[in-house]
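Please walk me through this model, feature by feature. Start with the strands, then go to the metals and the ligand.

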Amino acid sequence: MCKSIPTVDGAEIQRRLHELAQISVLPDRLWRPSYTPQEGQARRLLTSWFAQAGLSTRLDAAGNLLGRAGGAGQVTLIGSHMDTVKGAGAYDGTAGVLCGLAALQTLLAHFGPPRAPVELVAMVEEEGSRFPDASFWGSRSILGQADPALLSCRDEAEVTLAQAMADAGFDPARLPDARRTDLARYFEVHIEQGPVLEHRGIQLGVVDTITGLGTLAVEITGRANHAGTTPMDLRLDALQGAAGLVLRLPGLARRFQNATATAGSFQVFPGSANVIPGRVSILVDYRAPDPDDLARLGREIDQAAHSLEAEGYGVTTQLRMSLPPARLDRGLGALLEQCADELSCSSMHMISGAGHDCQLFAGQVPSALLFLPCRDGRSHCPEEYAAPEDLARGAQVLAAALYRLAWQET
Ligand code: HGY
Ligand code: MN
Ligand code: MN
């Protein structure tokens with residue numbers, strides 16, 4: 001059956017990805033945060049491509065772009081996010097949107113409209129690169145899990161999420177309208193963002209579990225002072241304390257299987273070379289695929305931070321975001337594996353060390369995540385790359401699964 005699925009043009013997917021990647025708020029690297037004019041520009045470009053493919057398009061109240069094929073009924077939703085991290089590559093998120101688009105385009109062109117509706121979604125603010133407290137905002141909105149209290153969280157320029165939404169033309173008061181109750185299942189195609197598939201020479205990854213993750217904000221207060229007149233033994237240098245905490249993170253993470261801990265956001269105040277840092281703010285990203293390990297790792301990082309108080313530092317900690325691990329749907333995973341097999345693609349089951357919108361959907365509807373290899377396992381950096389043939393394979397296997405679920409069976 002899958003053999004009847006026409007091949008997909010991976011080069012065109014890749015060309016579009018690189019066209020999208022030119023749309024950035026920064027002149028020298030890619031960063032496309034949500035509710036910016038640049039995201040609006042990317043959304044308009046995606047809308048034109050969705051329409052060319054024969055999808056009827058609309059924006060939901062959160063700013064997610066949706067393209068629909070088929071009539072009434074429970075919807076098979078496919079897609080990913082369209083926002084990026086700072087210094088991003090061209091594939092994280094958007095590869096899933098454009099592989100989904102290519103799959104739908106080829107199915108509509110060869111088999112006409114589906115018996116059961118299929119929608120493609122390009123979601124906002126998955127990364128939380130503008131609003132760290134509101135990561136996965138687009139998928140949370142679709143699932144009715146967007147906490148209105150987060151509308152008052154602020155970006156680095158002190159703009160609230162509510163104001164950013166309004167500036168982009170989305171009324172925060174209407175956010176509950178984004179909630180969907182007509183979803184049958186969710187599929188996401190995503191680059192692996194790690195080295196396993198490439199290292200093993202396997203063409204596709206069927207994800208069984210997505211890791212849980214937490215973001216702990218740690219603020220360490222010392223005593224700002226003159227860098228030249230303050231004797232070394234009379235200082236309380238907040239950066240020294242913070243560095244001690246950061247150096248402990250690898251050891252803490254290594255105590256749990258497949259766990260990680262990273263201090264990716266690090267601000268030193270006041271930030272002048274000749275002033276002893278009085279305050280340091282850190283965002284610690286920690287992860288583990290086992291829920292108990294995740295909770296214990298979070299507690300141990302918090303305790304390590306507060307142990308600095310014994311040296312005289314002031315320490316505050318705040319859990320800014322927390323997402324439990326998600327086990328994905330076995331049946332949909334088996335379908336993807338079967339379609340890959342029928343299309344003569346090698347595949348393997350795996351854990352995702354990256355968080356994905358898919359793990360939110362998995363809490364409400366059967367959900368599946370299909371990984372594509374990425375060169376050297378690099379991601380969240382300009383070196384991120386997926387080959388056209390890998391993009392095409394992912395789109396074609398997704399098309400085969402969609403054909404089975406929405407064209408053949410009802
Ligand atoms: O951080 C993550 O794992 C995802 O890229 N948001
Ligand atoms: Mn990402
Ligand atoms: Mn992503």
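**Reading the model**

Q: Which strands pair in the antiparallel sense over 4 bridges?
A: Two strands pair if DSSP finds at least two bridges between them. Helices (H or I, at least four residues) and strands (E, at least two) are DSSP runs, numbered from the N terminus. Here strand β1 (residues 56-59) and strand β2 (residues 65-69) pair in the antiparallel sense over 4 bridges. R58 stands opposite L66 in β2. The hairpin of β1 and β2 has 5 residues between the strands, and in it G63 takes a positive phi near 100 degrees.

Q: What should I know about the model and its numbering?
A: This is a predicted model: local features need pLDDT of at least 70, side-chain atom pairs count only at pLDDT 80 or more, and totals for chains, interfaces and linings use all residues. Residues are numbered from 1 along each chain as its sequence is written, chains are lettered from A and ligands numbered from 1 in the order in which they are written, and side-chain values use heavy atoms, with hydrogens and water left out.

Q: Which residues hold the manganese ion (ligand 3) as protein donors?
A: They are H81 (NE2), D92 (OD) and H190 (NE2), lying 2.1 to 2.3 Å from the manganese ion. Their sequence spacing is H-x10-D-x97-H. D92 coordinates both ligand 3 and ligand 2, and the two manganese ions are 3.5 Å apart. H81 in strand β3 and D92 in the loop between β3 and α3 are 11 residues apart.

Q: Is D92 buried or exposed?
A: Buried means under 20% relative accessible area, exposed over 50%, partly exposed in between (1.4 Å probe, protein chains only). D92 is buried, with a relative accessible area of 6%. H81 is buried too. H380 counts as partly exposed, at 38% relative accessibility.

Q: Which residues are around ligand 1?
A: A residue is near a molecule if one of its heavy atoms lies within 4 Å of it. Around ligand 1 are E126, E127, R287, A354, G355 and H380. A nitrogen atom of ligand 1 is 3.0 Å from an N or O atom in the side chain of E126. For the side chain of E127, the distance from a nitrogen atom of ligand 1 to an N or O atom is also 3.0 Å. An oxygen atom of ligand 1 lies 2.7 Å from a backbone N or O atom of G355. Taken alone, ligand 1 exposes 220 Å² (Shrake-Rupley method, 1.4 Å probe). The protein buries 90% of that.

Q: Which side chain does T209 contact?
A: A polar contact is a pair of N or O atoms within 3.5 Å; within protein, one must be able to donate a hydrogen and the other to accept it, and residues adjacent in sequence count only if both atoms are side-chain atoms. T209 is found in strand β6 (residues 204-210). Its side chain makes a polar contact with the side chain of R327 (2.9 Å). T209 is buried, with a relative accessible area of 9%.

Methods: Donors are N, O and S atoms within 2.8 Å of the metal (3.2 Å for Na, K and Ca); water is not among the atoms, so sites may look incomplete.
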